[in-house]
Amino acid sequence: MLADMADTLKKLFDKDEIRSAVKRLAEAITRDFDDEELVLVSVLKGSFMFISDLMREIRNPVVVDFIRASSYGSGTATSGQVTLTKDLETDIAGKNVIIIEDIIDSGLTLTAIRELLLARNPRSLKICALVDKRARRKVEIEGDYVGFSIEDGFIVGYGVDYAERYRNLPAIYVVEQE
Ligand code: PRP
(Lines give C-alpha, C1' and ligand atoms only; values in the text may rest on other atoms or scores of the structure.)
Protein backbone atom coordinates (compact mmCIF):
# COMPACT_ATOMS: atom_id res chain seq x y z
CA MET A 1 0.00 0.00 0.00
CA LEU A 2 1.33 3.41 -1.01
CA ALA A 3 -0.28 5.68 1.56
CA ASP A 4 -1.35 5.37 5.17
CA MET A 5 -5.08 4.83 5.67
CA ALA A 6 -5.61 8.43 6.73
CA ASP A 7 -3.60 10.03 3.90
CA THR A 8 -4.56 10.44 0.26
CA LEU A 9 -1.61 11.11 -2.03
CA LYS A 10 -2.14 12.97 -5.31
CA LYS A 11 0.75 12.99 -7.78
CA LEU A 12 2.07 16.49 -8.43
CA PHE A 13 5.36 15.94 -10.33
CA ASP A 14 6.25 12.61 -11.89
CA LYS A 15 9.71 11.10 -12.33
CA ASP A 16 10.22 12.62 -15.79
CA GLU A 17 9.23 16.10 -14.67
CA ILE A 18 11.63 15.85 -11.74
CA ARG A 19 14.43 14.56 -13.99
CA SER A 20 13.94 17.48 -16.41
CA ALA A 21 13.88 20.03 -13.60
CA VAL A 22 17.05 18.58 -12.05
CA LYS A 23 18.81 18.64 -15.43
CA ARG A 24 17.79 22.24 -16.06
CA LEU A 25 19.08 23.30 -12.64
CA ALA A 26 22.38 21.47 -13.09
CA GLU A 27 22.89 23.02 -16.52
CA ALA A 28 22.28 26.51 -15.13
CA ILE A 29 24.74 25.90 -12.28
CA THR A 30 27.37 24.47 -14.64
CA ARG A 31 26.94 27.46 -16.98
CA ASP A 32 27.19 30.04 -14.17
CA PHE A 33 30.36 28.65 -12.60
CA ASP A 34 32.46 27.64 -15.66
CA ASP A 35 35.06 25.18 -14.39
CA GLU A 36 35.21 26.52 -10.84
CA GLU A 37 35.03 24.19 -7.87
CA LEU A 38 31.73 24.12 -5.98
CA VAL A 39 30.88 23.14 -2.44
CA LEU A 40 27.36 21.71 -2.46
CA VAL A 41 25.75 21.87 0.98
CA SER A 42 22.86 19.45 1.27
CA VAL A 43 20.34 20.28 3.99
CA LEU A 44 19.34 16.94 5.57
CA LYS A 45 17.27 14.99 5.44
CA GLY A 46 14.87 16.13 2.73
CA SER A 47 17.45 17.01 0.07
CA PHE A 48 19.47 13.77 0.00
CA MET A 49 17.74 12.36 -3.09
CA PHE A 50 17.72 15.70 -4.91
CA ILE A 51 21.43 16.33 -4.35
CA SER A 52 22.41 12.83 -5.41
CA ASP A 53 20.68 13.33 -8.78
CA LEU A 54 21.69 16.99 -9.14
CA MET A 55 25.41 16.47 -8.54
CA ARG A 56 25.56 13.75 -11.19
CA GLU A 57 24.44 16.33 -13.77
CA ILE A 58 26.81 19.11 -12.68
CA ARG A 59 30.02 19.24 -14.73
CA ASN A 60 32.15 21.28 -12.28
CA PRO A 61 34.56 19.80 -9.76
CA VAL A 62 32.36 19.32 -6.69
CA VAL A 63 32.81 18.86 -2.95
CA VAL A 64 29.70 17.68 -1.13
CA ASP A 65 28.89 18.19 2.53
CA PHE A 66 25.82 17.94 4.74
CA ILE A 67 24.15 20.11 7.33
CA ARG A 68 21.08 19.38 9.39
CA ALA A 69 18.71 22.04 10.64
CA SER A 70 15.59 20.87 12.33
CA SER A 71 12.57 23.13 12.32
CA TYR A 72 9.53 20.88 12.14
CA GLY A 73 8.21 18.40 14.67
CA SER A 74 6.10 15.63 13.26
CA GLY A 75 3.30 17.98 12.18
CA THR A 76 2.88 19.97 9.00
CA ALA A 77 3.42 23.52 10.30
CA THR A 78 6.77 25.09 11.10
CA SER A 79 7.56 25.73 14.75
CA GLY A 80 9.57 28.82 13.86
CA GLN A 81 12.59 27.44 15.74
CA VAL A 82 15.62 26.36 13.71
CA THR A 83 18.11 24.13 15.48
CA LEU A 84 21.42 23.04 13.93
CA THR A 85 21.89 19.37 14.75
CA LYS A 86 24.75 18.60 12.33
CA ASP A 87 27.35 21.08 11.10
CA LEU A 88 29.58 21.02 7.99
CA GLU A 89 32.94 19.30 8.04
CA THR A 90 34.27 21.44 5.16
CA ASP A 91 35.94 24.84 5.52
CA ILE A 92 33.96 27.01 3.10
CA ALA A 93 36.04 30.21 3.39
CA GLY A 94 36.81 31.49 -0.12
CA LYS A 95 34.69 28.78 -1.78
CA ASN A 96 31.73 28.91 -4.13
CA VAL A 97 28.97 27.42 -2.01
CA ILE A 98 25.50 26.34 -3.09
CA ILE A 99 22.93 25.37 -0.46
CA ILE A 100 20.79 22.50 -1.77
CA GLU A 101 17.25 22.34 -0.33
CA ASP A 102 14.24 20.26 -1.18
CA ILE A 103 11.69 22.91 -0.15
CA ILE A 104 11.57 26.58 0.75
CA ASP A 105 8.41 27.07 2.79
CA SER A 106 8.41 29.70 5.56
CA GLY A 107 12.02 30.42 4.59
CA LEU A 108 13.17 30.21 8.21
CA THR A 109 15.46 27.21 7.74
CA LEU A 110 17.29 28.68 4.77
CA THR A 111 17.55 32.11 6.36
CA ALA A 112 19.21 30.62 9.44
CA ILE A 113 21.57 28.45 7.38
CA ARG A 114 22.44 31.27 5.01
CA GLU A 115 23.38 33.59 7.91
CA LEU A 116 25.48 30.89 9.48
CA LEU A 117 27.36 30.12 6.27
CA LEU A 118 27.82 33.78 5.25
CA ALA A 119 29.63 34.37 8.55
CA ARG A 120 32.26 31.86 7.36
CA ASN A 121 33.20 34.08 4.41
CA PRO A 122 32.52 31.98 1.35
CA ARG A 123 33.50 33.52 -2.01
CA SER A 124 29.89 33.18 -3.14
CA LEU A 125 26.73 31.69 -1.65
CA LYS A 126 23.75 30.61 -3.74
CA ILE A 127 20.54 28.72 -2.99
CA CYS A 128 19.18 25.87 -5.09
CA ALA A 129 15.74 24.51 -4.15
CA LEU A 130 13.73 21.84 -5.89
CA VAL A 131 10.37 23.27 -4.74
CA ASP A 132 9.60 26.85 -3.83
CA LYS A 133 6.37 27.00 -1.83
CA ARG A 134 5.24 30.61 -1.85
CA ALA A 135 2.07 30.91 0.26
CA ARG A 136 3.47 30.56 3.78
CA ARG A 137 6.68 32.59 3.49
CA LYS A 138 7.53 34.34 6.77
CA VAL A 139 10.85 35.93 5.77
CA GLU A 140 12.05 37.35 2.49
CA ILE A 141 14.28 34.81 0.83
CA GLU A 142 14.49 33.62 -2.78
CA GLY A 143 16.17 30.65 -4.39
CA ASP A 144 18.77 31.42 -7.08
CA TYR A 145 17.97 28.12 -8.78
CA VAL A 146 14.40 26.81 -8.39
CA GLY A 147 12.95 23.63 -9.87
CA PHE A 148 9.23 24.07 -9.27
CA SER A 149 7.23 26.97 -7.86
CA ILE A 150 3.95 26.12 -6.14
CA GLU A 151 1.54 28.14 -4.03
CA ASP A 152 0.79 25.75 -1.16
CA GLY A 153 0.16 22.12 -0.30
CA PHE A 154 1.94 19.59 1.89
CA ILE A 155 4.18 17.60 -0.39
CA VAL A 156 6.00 14.30 0.08
CA GLY A 157 8.21 11.94 -1.88
CA TYR A 158 11.60 12.22 -3.59
CA GLY A 159 13.26 12.59 -0.17
CA VAL A 160 10.52 14.65 1.45
CA ASP A 161 8.60 13.21 4.40
CA TYR A 162 5.42 13.51 6.34
CA ALA A 163 6.24 12.33 9.88
CA GLU A 164 9.27 10.51 8.38
CA ARG A 165 7.17 8.54 5.91
CA TYR A 166 7.10 8.63 2.09
CA ARG A 167 10.73 9.75 1.54
CA ASN A 168 11.31 6.73 -0.73
CA LEU A 169 8.62 7.61 -3.27
CA PRO A 170 10.26 8.43 -6.63
CA ALA A 171 7.69 11.11 -7.54
CA ILE A 172 6.34 14.13 -5.65
CA TYR A 173 2.82 13.96 -4.17
CA VAL A 174 0.48 16.28 -2.31
CA VAL A 175 -0.90 14.81 0.92
CA GLU A 176 -4.60 15.27 1.44
CA GLN A 177 -5.68 14.36 4.96
CA GLU A 178 -9.19 13.27 5.72
C1 PRP B 1 11.88 20.83 5.74
C2 PRP B 1 12.53 21.02 4.38
C3 PRP B 1 13.32 22.30 4.54
C4 PRP B 1 12.48 23.09 5.53
C5 PRP B 1 11.69 24.10 4.81
O6 PRP B 1 12.82 20.20 6.55
O7 PRP B 1 13.36 19.95 4.06
O8 PRP B 1 14.59 22.06 5.10
O9 PRP B 1 11.61 22.14 6.18
O10 PRP B 1 10.82 24.77 5.67
P11 PRP B 1 10.94 26.31 6.06
O12 PRP B 1 11.21 27.09 4.80
O13 PRP B 1 9.56 26.59 6.61
O14 PRP B 1 11.99 26.48 7.08
P15 PRP B 1 12.46 19.48 7.94
O16 PRP B 1 12.82 20.38 9.06
O17 PRP B 1 11.06 18.97 7.86
O18 PRP B 1 13.48 18.26 8.02
P19 PRP B 1 13.78 17.08 7.00
O20 PRP B 1 14.42 17.69 5.77
O21 PRP B 1 14.69 16.19 7.75
O22 PRP B 1 12.48 16.39 6.67
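These are my entries, in the order I made them.

**Ground rules**

I am working with a predicted model, where local features need pLDDT of at least 70, side-chain atom pairs count only at pLDDT 80 or more, and totals for chains, interfaces and linings use all residues. Residues are numbered from 1 along each chain as its sequence is written, and side-chain values use heavy atoms, with hydrogens and water left out.

**Salt bridges**

I searched the whole structure and got 18 salt bridges. The term means a side-chain nitrogen of Lys or Arg within 4 Å of a carboxyl oxygen of Asp or Glu.

I looked up aspartate 16 first. Its side chain meets that of arginine 19 in a salt bridge, 2.9 Å from N to O. Both sit in helix α1 (residues 15-32), three residues apart, so about one helical turn separates them. Helices are DSSP runs of H or I with at least four residues, strands are runs of E with at least two, and both are numbered from the N terminus. I also noted a general rule: an α-helix has 3.6 residues a turn, so residues three or four places apart point the same way.

Then I checked accessibility. Buried means under 20% relative accessible area, exposed over 50%, and partly exposed in between (1.4 Å probe, protein chains only). Aspartate 16 is partly exposed at 49%. Arginine 19 is exposed at 51%.

Next I turned to aspartate 105, which forms a salt bridge with lysine 133; the closest N and O atoms are 3.5 Å apart. Aspartate 105 lies in the loop between β5 (96-104) and α3 (108-118), and lysine 133 lies in strand β6 (residues 124-133), so the pair ties together parts 28 residues apart in sequence. Are these two buried or exposed? Aspartate 105 and lysine 133 are both buried.

Another pair is aspartate 152 and arginine 136, whose side chains meet at 3.6 Å, N to O. Aspartate 152 is in the loop between β7 (145-150) and β8 (155-156), while arginine 136 is in the loop between β6 and β7, so this pair ties together parts 16 residues apart in sequence. Aspartate 152 is partly exposed at 42%, and arginine 136 is partly exposed at 32%.

I also found a network: salt bridges with shared partners join Lys45, Asp161, Glu164 and Arg167.

I counted burial along β6. Nine of its ten residues are buried, so β6 is largely enclosed by the rest of the structure. β5 and β6 pair in the parallel sense over eight bridges. Two strands pair if DSSP finds at least two bridges between them. Alanine 129 in β6 is the bridge partner of glutamate 101.

In helix α2 (residues 48-57), I marked Met49, Phe50, Ile51 and Leu54 as buried. The buried residues of α2 pack (heavy atoms within 4.5 Å) against α1, β2 (38-44), β3 (62-70), β5 and β6. Those of α3 include Leu108, Ile113 and Leu117. They pack against β2, β3, β5 and β6.

**The cavity**

A cavity is a set of points on a 1 Å grid over the protein atoms alone where a 1.4 Å probe fits but cannot get out; lining residues have an atom within 4 Å of a point. How many cavities of 30 Å³ or more does the search find? It finds one. About 40 Å³ of space lies in the largest cavity; a volume is the space filled by probe spheres set on the points, which are joined across faces, edges and corners. Its lining includes Phe50, Asp102 and Leu130. β5 and β6 each supply at least two lining residues.

Key
On a 1 Å grid over the protein atoms alone, a cavity is a set of points where a 1.4 Å probe fits but cannot get out, and a pocket is an open set with protein on both sides within 12 Å along at least five of seven lines; lining residues have an atom within 4 Å of a point.
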